[in-house]
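User: Please take a close look at the side-chain contacts here, both the charged ones and the aromatic ones. Where does each partner sit, and how is each contact defined?

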Amino acid sequence: MPNTEFSSENDADQRPEAGTVPGPGSLNGTRRAAITALAEAVQPVSDELGARFASHGQQLALVGGPVRDALLGRRSNDVDLTTDAVPSRILELVDGWADSVWTVGIEFGTVGLRKGGHQLEITTYRSESYSPKSRKPEVAYGTDIHDDLFRRDFTVNAMAVRLPELEFVDPFGGLADLEAGVLRTPGRPEDSFSDDPLRIMRAVRFAAQLGFTLAPEVAEAARGMADRLSIVSAERVRDELTKLMVSPDPRRGIELMVDLGIAEYVLPEIPGLRLEIDEHHRHKDVYEHSLTVLDQALDLERSRGHEPDLVLRLAALLHDVGKPKTREFEGGGRVTFHHHEVVGASMSRKRLTALRFPKDVVSDVSTLVGLHLRFHGYGKGEWTDSAVRRYARDAGSQLERLHILTRADCTTRNRRKAAALSKAYDDIERRIGKLAEQEELDRIRPDLDGNEIQEVLGLSPGPVVGKAYRFMLELRLENGPMGKEEAAAELRAWAAEHL
């Protein structure tokens, strides 16, 4: 590395009075070491590419998330760079150095490239803004890194490290905010959110992801401008929601979304759960219950050794969204929510589809929401093996998630009741495990396939074969595995009565 000495454009350690431009925080030894480690981790970008740009009179700097994460002691796989070179000039400078180049984002000033094991994005200094009804930003290129940092979402993302000299650039006090765990905007938050309303979602996502709080003026601007999210594409909102849900503390992000009115434009079903009393958990409304289930699903997810699971977490959050529509008042002050799992599955499918989630995510979440009450019919273990097979078969590939969701759905404060439910679910998991040793429960098929049914009954392909297949499947679920001869005899007996 040509220069491992660290410098800073400014060593001011105090935030200026309101109304002035904050100065950068100073770097102590630990922070300097973190930035040096970041530069070393992205070699040969820091040395070779930085020197290449400098020798041609162009600036280059590491910027944004990688710098923030390095200062937080977090690992980052991103390598984001910014430069005063326009895209065509970037292409000239990386020609012959990069292993491969792509220009998918070039209209927004971004060139992508690969060098060794690094995938990089280099973006020209820029400003971008949305017209009141536009879903796409208007981009203008700049020549000054301070102007580029000013247009970024939050001060903690408006820090940079010039290459190859490793000069720390922090004109808006990002380091001080990082140390305080506060999200502020480089300029007025109203201007920032107007330029790109998705930053409102990014604010709550960072709160969940990094444990930050929103500065009062940022929270107030988000509350007042939440309706601006309606002009942002569903795909961009979905991506931020996904990052929030797989963060260490999704509850924090969801609560902020609800409190600031953001959820009304992203997941309106969630604030709709407030004050809807759950007959099984009278000490909490359905909103609080759903957040508790989300928390408990995370705990179980971790204790079972799973990675953050978007499908499970969405299902935990959405599992009771059908309750407001199904609430009925009965005698004696009793409140019921009959078939709320069916209604909830439909509502979940509709909302996640509107947010452009992949079809498999939509299907898996709605399946879990639709099945989350099934276990409550288990009672004291009186289910037959047939019922256990159906439970496992209906869950299919979602069985492990259903185990976690069902356990997480127990939020009662009654320890005896909670222990009984846990014991009962231990029993059903044990029985499923025992049956799974004998049968492939998640792929149960009839003992005779369609061709064999046609051969036994002398049929040609058609609706009757499908009817016979369904009978054989029910027989398989009821009785377990059968031999071919026994299955054929049962099929002939059924055909004699029904065909």
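Analyst: A residue is called buried under 20% relative accessible area, exposed over 50% and partly exposed in between, with a 1.4 Å probe and protein chains only. The model is predicted, so local features need pLDDT of at least 70 and side-chain atom pairs count only at pLDDT 80 or more, while totals for chains, interfaces and linings use all residues. Numbering runs from 1 along each chain as its sequence is written, and side-chain values use heavy atoms, without hydrogens or water.

Salt bridges come first. With a side-chain nitrogen of Lys or Arg required within 4 Å of a carboxyl oxygen of Asp or Glu, the count is 35. One of them joins Asp 239 and Arg 238, at 3.0 Å from N to O. Arg 238 has 18% relative accessibility and is therefore buried, whereas Asp 239, at 36%, is partly exposed.

Another joins Glu 288 to Arg 251, with the closest N and O atoms 3.1 Å apart. Glu 288 belongs to helix H12 (residues 286-303) and Arg 251 to helix H11 (residues 250-259), so this pair ties together parts 37 residues apart in sequence. Helices here are DSSP runs of H or I with at least four residues, strands are runs of E with at least two, and both are numbered from the N terminus. Arg 251 is buried at 17%; Glu 288 is partly exposed at 30%.

Arg 304 and Glu 429 also form a salt bridge, their closest N and O atoms being 2.9 Å apart. Arg 304 is in the loop between H12 and helix H13 (310-318) and Glu 429 is in helix H19 (residues 415-438), so the parts tied together are 125 residues apart in sequence. Arg 304 is partly exposed at 28%, and Glu 429 is partly exposed at 22%. Both belong to a network of salt bridges that also links Glu 400, Arg 407 and Asp 426.

Next, the aromatic rings. Rings of Phe, Tyr and Trp (its six-membered ring) pair if their centres lie within 6.5 Å; planes under 30 degrees apart are stacked, over 60 edge-to-face, and the rest tilted. This gives 4 aromatic pairs. The rings of Phe 150 and Phe 172 have centres 5.6 Å apart and planes at 50 degrees, so that pair is tilted. Phe 172 is buried at 6%, whereas Phe 150 is partly exposed at 45%. Phe 154 and Phe 206 have ring centres 6.0 Å apart and planes at 90 degrees, so they are edge-to-face. Phe 154 is buried at 0% and Phe 206 is buried at 2%.
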